[in-house]
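Subject: Structure handover

Hi,

Here is the structure I promised to pass on to you. Have a look at it first, and then read on for what turned up.

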Amino acid sequence: MVKKKRLRVIAEMARKIRAYRELKSRPRESQKYALDYETMKRPHTGKMLPVLAWQDVRRESRLFSLLAGMRMFGVGRLFTRKSWLEDHTEPSYWQITKVKVDYTAENMDHGKAWGILTYKGKQESEVKEMDKVMYHDWRLIPKHIEHQFKDFEPIPEPPVTYVPYPPLLRAMILAQLRKAGGSAVIKEPTLPLKRDVLLNKDYFRRQEEEGTSVNLGTCTL
């Protein structure tokens, strides 16, 4: 019994040692994402960057390349990306709240960062880790224009006035439209959520007439 217990302890220690060695042998982000700017290859993996990214790599900066030269590593400042500026009219940016720098990296230009994301004018409520920090398209938002990003008021989304029909009813309506229209282009049927009805005397009189003119037919027992 004692021998089995010792063997279990030894096996557990060996497992922990293997896990520790595996953790120590993992490449750091500074090694994993290192880039040879002449060949546009990553030395660790030997992979070449896409040709479309070469221009940004030469002209733009990674996030930690900007943070490394800033006071408090940019905590509290706003950062955006070139792709966001080009693709969206609404402001999209990160406000950095925490930075963990890889001090073993040359120029301390690698690490992890956390912040609050505002995407297309809508600010998230929780702090989370920033993604794509190794992309070469990060830009610091100057302090004198920060208010232009923060003071943006998103345009409220228009109320939903139409919804799609249930699947079976939609199929029946489309079948009827195809039968009536032939090869004509059929518009997707939608169900209005609001119906404007003019409530006057004629409306109620018409309802009464339609409600009383029901043909029950004959019933034979």
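Contact here means heavy atoms within 4.5 Å. Please keep in mind that this is a predicted model.

With that cut-off, and leaving aside residues up to four places away in sequence, aspartate 109 touches Arg62, Phe64 and Ser65. You will find aspartate 109 in the loop between β2 (93-101) and β3. Is this residue buried or exposed? Aspartate 109 counts as buried because its relative accessibility is 12%, and the cut-off for buried is under 20%. The side chain of aspartate 109 also makes a polar contact, at 2.8 Å, with the side chain of histidine 110.

Now to the strands. β2 and β3 are antiparallel and share 8 bridges, while β1 (residues 78-81) runs antiparallel to β2 with 2 bridges between them.

Finally, the largest pocket. About 370 Å³ of space lies in it, and 23 residues line it, with Arg42, Lys132, Met134, Tyr135 and His136 nearest its centre. Two elements, α3 (54-59) and β3 (111-119), each give two or more residues to this lining; β3 has the largest share, with 3 residues. Sorted by class, the lining holds 11 nonpolar, 9 charged and 3 polar residues.

Happy browsing, and best wishes

Conventions: Residues numbered from 1 in each chain as written. Predicted model: local features only at pLDDT ≥ 70, side-chain atom pairs only at ≥ 80, totals over all residues. Heavy atoms only, no water. 1 Å grid on protein atoms, 1.4 Å probe; cavity = no way out; pocket = protein on both sides within 12 Å on 5 of 7 lines; lining within 4 Å. Points joined across faces, edges and corners; volume = space filled by probe spheres on them. Helix = DSSP H or I, 4+ residues; strand = E, 2+ residues; numbered from the N terminus. Nonpolar A, V, L, I, M, F, W, Y, C, P; charged D, E, K, R; others polar. Buried < 20%, exposed > 50% of the residue type's maximum accessible area, 1.4 Å probe, protein only. Polar contact = N/O pair within 3.5 Å; in protein donor to acceptor, adjacent residues only side chain to side chain. Pairing = 2+ DSSP bridges.
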